[in-house]
Amino acid sequence: MENYGYTKTENPQNTQNQQSNMPYRSEKRLPAALLGILVGWLALNKFYLGYTKEGVIQVILNIVTLGAASIIPFIEGILYLFMSDKQFDDTYVYGKKGWL
């Protein structure tokens, strides 16, 4: 029987201890921050995080305000950089908080 990349261990408690010693890493924090800072006017940080409705609203706001609303994703990108990985995932990935 195939295990699809998972290895079977004899002591499951040992596995839990090894996993808790590893630092928590977010896969989406840094890309979302860079997208917000560099190309926030396209709302790519919102689309990357799966917030389609908020992304469309951001693009419309940028068109209506002639780009002045692009300060919002820029500020969000900076906030993402200063958050911890765990806090970012809890807030934006799992908590689905769409805006600041």
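Hi everyone. The model is predicted, so local features need pLDDT of at least 70 and side-chain atom pairs count only at pLDDT 80 or more, while totals for chains, interfaces and linings use all residues. Residues are numbered from 1 along each chain as its sequence is written, and side-chain values use heavy atoms, with hydrogens and water left out.

Let's start with salt bridges. By that I mean a side-chain nitrogen of Lys or Arg within 4 Å of a carboxyl oxygen of Asp or Glu. The structure holds 4 of them.

Please find Asp 85. Which residues does Asp 85 meet in salt bridges? One partner is Arg 25, with the closest N and O atoms 3.4 Å apart. Asp 85 lies in helix H6 (residues 85-94), and Arg 25 is in the loop between helix H1 (12-21) and helix H2 (29-39), so this pair ties together parts that are 60 residues apart in sequence. When I say helix, I mean a DSSP run of H or I with at least four residues, numbered from the N terminus.

The other partner I want to show you is Arg 29, where the N to O distance is 2.4 Å. That pair also links distant parts of the chain, with Asp 85 in helix H6 and Arg 29 in helix H2, 56 residues apart.

Are these residues buried or exposed? Here buried means under 20% relative accessible area, exposed means over 50%, and partly exposed is in between, using a 1.4 Å probe and protein chains only. Asp 85 counts as buried at 10%, and Arg 29 is buried too, at 15%. Arg 25, on the other hand, is exposed at 62%.

Staying in helix H6, look at Asp 90 and Lys 86. They form a salt bridge whose closest N and O atoms are 3.4 Å apart. The two residues are 4 apart in the helix, which means they are separated by about one helical turn. Asp 90 is partly exposed at 38%, and so is Lys 86 at 44%. As for shared partners, salt bridges join Arg 25, Arg 29 and Asp 85 into one network.

Lys 86 has something else to show us. Its charged end sits over the ring of Tyr 24, 5.5 Å from the centre.

Now a charged residue with another story. Where is Glu 54? You will find Glu 54 in helix H4 (residues 52-64). Glu 54 is buried yet has no salt bridge, and the nearest side chain of opposite charge, Lys 53, is 5.0 Å away. For charges, Lys and Arg count as positive and Asp and Glu as negative, while His and the chain ends are not counted. Setting aside neighbours within four places in sequence, Glu 54 is in contact (heavy atoms within 4.5 Å) with Lys 46, Gly 98 and Trp 99.

On to the rings. A pair of aromatic rings is described by the distance of the centres and the angle of the planes. Rings of Phe, Tyr and Trp (its six-membered ring) pair if their centres lie within 6.5 Å; planes under 30 degrees apart count as stacked, over 60 as edge-to-face and the rest as tilted.

How many aromatic pairs are there in the whole structure? A search finds 3. In one of them, the rings of Tyr 80 and Phe 88 have centres 5.1 Å apart and planes at 75 degrees, so the pair is edge-to-face. Both of these residues are buried. Tyr 80 and Tyr 92 are edge-to-face as well, at 5.0 Å centre to centre and 65 degrees between the planes. This pair links Tyr 80 in helix H5 with Tyr 92 in helix H6, 12 residues apart. Tyr 92 is buried, at 2%, and Tyr 80 has 1%. Together, ring pairs link Tyr 80, Phe 88 and Tyr 92 into a cluster.

Last stop: the backbone. Ala 43 is not a glycine, yet has a positive phi of about 60 degrees. Ala 43 sits in the loop between H2 and helix H3 (44-49) and is buried at 0%. Leu 66, also not a glycine, has a positive phi of about 55 degrees. Leu 66 belongs to the loop between H4 and helix H5 (71-82) and is exposed at 79%.

Terms used. Lys NZ or Arg CZ within 6 Å of the ring centre and 35° of its normal.
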